[in-house]
Amino acid sequence: MTQFDPTTPAAPAAAPEEASGAAILVVDDEPDLCRALGKLLGRNGFAVVTAGNGEEALQILRRQEIHLVLSDLQMPRMGGLDLLKAAQIISPTTEFVIITGHGSIETAVDAMKSGAYDFIEKPFSTSTTLKVVRKALEKQNLLTENRRLRRKLDELQGTADIIGRSEPMRRAVAVAQQAAPSSATILITGESGTGKEVFASAIHRWSDRARRNMVTVSCAALPETLLEAELFGYEKGAFTGAVARRKGRFELADRGTLFLDEVGEMSPATQVKLLRVLQEGTLERLGGGETVNVDVRIIAATNTDLPALVAAGRFREDLYYRLNVINLELPPLRRRGDDVTLLADFFLARYNAKNGKHLTGFTPTALEALGRYGWPGNVRELENAVERAVVLCRQPQVDLDALPPNVLAGRARLEQVVIPVGTTLRDAEMDLIQATLDSTGGDKEMAARILGIAARTIYRRLQ
Ligand SMILES: Nc1ncnc2c1ncn2[C@@H]1O[C@H](COP(=O)(O)OP(=O)(O)OP(=O)(O)O)[C@@H](O)[C@H]1O
Ligand SMILES: [Mg+2]
C-alpha cells in the first residue's frame, strides 16, 4: 500500500535554525531603498533578495524559498496588498511585512487584516526594522515547526489517507498542502466520488486550525429555512419551534473550518446571507439583532459546474469569486492511471479486515478490467466494487467473476487534462502536449495536427 507522503511535494519553507540565515525578499520600486534595506539586513546575517516590482517578486517566490517578504505598499501596477494576496496563494508559509509611506496607515491596517504580520513606517529606524523582521521570522519559524510536528503525527497515526501517486493527484495534493496553512477560501471541484470530502479534511488537518473543529454542512440535504438555521443559528422565538437560542455551524466552526458541501445547491436567498458573512466576518442569528464575530475558514465543494450555474443566473457571481479564491480540481479516477491499482489494494486490505477475509490480491485479468473501466462514480464506485468483490469472492484472489457487470462491460475513457491554478503556462502546455501524445499513442505528427502546432515544436518541448 502506498500512501502519499505529505512532506514530499512542495514542502513548505523549512524553518531556519535561527533568525539569521533566513531568506528575506525586499520589494520596492525605489532602488535606493531596496539597496539600503538589503544592506542593513545583509549585515545582520540575513540572506536578502530584492525585487523592483510585484511581478518580479512573485517570480522569485515561485522559484525559491523565502521566509519573509518586506514589501512597499505603493508601487505602480501591482501594489503591496495585491502582492500579499498573490503571495499567500503561491507561498502561504511566507510571512509578510508591509512598508508604508507617510499617512497610509489605514491601508497598512487593511494589509494586516489580510494577513500581513506587521508594518513599518517610512522613514524607518534601523532598530525598529530589525525588531519587526526578527519577530516576524520568529512567528514564521514557530508556525512551520508546528506544522511539521502535526504532519509527523498525522503520519504516525496513519491518517494521511489520500492514496495516489499519479501526476494529477500529486499536483492536487501539492495545491492542497500549499493552500492549507493560509485562511484563503478553497473551492474543491470534481466529479462525484473523487474525494472532495477526503481533501477537505486533509486541508483542515494540515492547517493551523487543526486543533479546532471542521464542521460540515451539506447544502443539498436541507430546505432553505432549515439550512439557514443550521448555518447561522437562531434566537429563542425566531420561528415556531425555536424554544431556545441555538448556535449555528458558523459559530461552532469558529477558529476552525467550515466545509460547505454541495454548495451549488444553495438557494439564492441563502447565497446572499452567506456572501454577507464572508465579506464582513460577522453574522446575526435568525431572529436576532446581536452581531456575532466569526473567524472561519471556508472550504466549499461542488460536483456541478458553478460557472454554468452563474451563467444561468442560479448562482451569484460575486459569491462564486469569493469561494473560488483557490480552486482545487480533483481529477476523475479515469485520469489517474495506476492509482486504480493502488486504491484497489488499499480497499482490499480495508474490506479484508472488515469482513475477516484474507484475499491476497487481484488476478491480472481482474486488474486489467479495473484499469480499463471508466469509473463514472470514481473512487467511491471503486471502493464499492472492491467491497462487493471481497464479500463475494471464494478464491484467494479476486477474479473477473467477482467484479460488477458494468466494470466487466468496460467503458471508453474520456480524455481531458486537469490544470490546477498555480500551474505555469509552460507546465500547462507540457501537460496538454503529453496528454495529446498519450491519446495518439505517441504519434507526434498527429499530436501536432491536433494541437495546431508544428511537429518540431513538440520535439523541441520534449527535449
Ligand atoms: N485518494 C483517496 N484515497 C483513499 N480513499 C479515497 C480517496 N478518494 C476518495 N476516497 C474514498 O472514496 C469515497 C468517496 O470520497 P468522498 O466522499 O470524499 O468523495 P466526494 O468527491 O465528496 O463525492 P460526492 O461528490 O459524491 O460527495 C470515500 O469513502 C473516501 O474515503
Ligand atoms: Mg462529498
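Student: In this predicted model, does Glu230 count as buried or exposed?

Tutor: Glu230 is placed in helix H8, which covers residues 224-232. A residue is buried if 20 or more other C-beta atoms lie within 10 Å of its own. Because Glu230 has 20 C-beta neighbours inside 10 Å, the residue counts as buried.

Student: Which residues is Glu230 in contact with, leaving aside its neighbours within four places in sequence?

Tutor: Contact requires C-beta atoms within 7 Å. Arg246 stands 16 residues from Glu230 along the chain, and their C-alpha atoms are separated by 8.9 Å. With neighbours within four places set aside, the contacts of Glu230 are Val217, Leu222, Gly248 and Arg249.

Student: Between which domains does ligand 1 lie?

Tutor: The protein chain is divided into domain 1 (23-148), domain 2 (167-329), domain 3 (333-409) and domain 4 (425-462). 16 residues surround ligand 1, the closest being Ile163, Gly195, Lys196, Glu197 and Val379. Two or more residues of this shell come from each of helix H7 (196-206) and helix H15 (378-392). Two domains both give residues to the shell, so ligand 1 lies between domain 2 and domain 3.

Student: How many residues of the shell around ligand 1 are charged?

Tutor: The shell divides by residue class into 4 nonpolar and 7 polar residues, together with a charged group. The number of charged residues is 5.

Student: How far apart are the end C-alpha atoms of helix H10?

Tutor: Helix H10 has 13 residues, 268-280, and at 1.5 Å a residue these should span 18 Å. Just after H10, Gly281 takes a positive phi of about 70°.

Definitions and conventions: Residues numbered from 1 in each chain as written. Chains lettered and ligands numbered in written order. Predicted model: local features only at pLDDT ≥ 70, side-chain atom pairs only at ≥ 80, totals over all residues. Near = placed C-beta within 6 Å. Helix = DSSP H or I, 4+ residues; strand = E, 2+ residues; numbered from the N terminus. Nonpolar A, V, L, I, M, F, W, Y, C, P; charged D, E, K, R; others polar. Domains from an automatic or database assignment. Expected span 1.5 Å × (residues − 1). Buried ≥ 20, exposed ≤ 12 C-beta atoms within 10 Å, placed from the backbone. Contact = placed C-beta atoms within 7 Å.
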